[in-house]
Amino acid sequence: MGTANPLLTYWYFQLPNFVLAALMYTLLGRALLSLIVQPDSSNYIWRFFCRLTDPVVATVALVAPKAVAPVVLWLFGVVWLFWLRVGLLNLFLLLGTIPRTS
């Protein structure tokens, strides 16, 4: 009866992890959506995906060669965000701020 909700207890881990996951999956959705939508489309879903993920794409583009296709930048962004989430989990596990599973 005395157990607390782990989502609220570990909000300091869950919130950044959720934001990184949302960005990661939105970038993946942008890559998949680009197969059927033109890059200059006025589709509101496409524009939302672009507006939300453009900062991540700009960050990845800083270290990527200029000749890389945009879809490759998006997919590298997905991979980078995945490893950032893994690193965040490892950091919190090393600090002992979230419980380990047995």
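**Close-up 1. Phe92, a buried ring in a predicted model.** At 13% relative accessibility, Phe92 counts as buried (buried is under 20% relative accessible area, exposed over 50%, partly exposed in between; 1.4 Å probe, protein chains only). Phe13 is buried too, at 9%. This is a predicted model, in which local features need pLDDT of at least 70, side-chain atom pairs count only at pLDDT 80 or more, and totals for chains, interfaces and linings use all residues. Residues are numbered from 1 along each chain as its sequence is written, and side-chain values use heavy atoms, with hydrogens and water left out.

**Close-up 2. The pair of Phe13 and Phe92.** The whole structure holds seven aromatic pairs (rings of Phe, Tyr and Trp, the last by its six-membered ring, with centres within 6.5 Å; planes under 30 degrees apart are stacked, over 60 edge-to-face, the rest tilted). One of them joins Phe13 and Phe92 edge-to-face, at 5.6 Å centre to centre and 70 degrees between the planes. The pair links distant parts of the chain: Phe13 lies in helix H2 (residues 11-33) and Phe92 in helix H4 (residues 70-95), 79 residues apart. Helices are DSSP runs of H or I, at least four residues, numbered from the N terminus.

**Close-up 3. Arg30 over Trp46.** The charged end of Arg30 sits over the Trp46 ring, 5.9 Å from its centre. The cut-offs are NZ of Lys or CZ of Arg within 6 Å of the ring centre and within 35 degrees of the ring normal.

Definitions and conventions. Helices (H or I, at least four residues) and strands (E, at least two) are DSSP runs, numbered from the N terminus.
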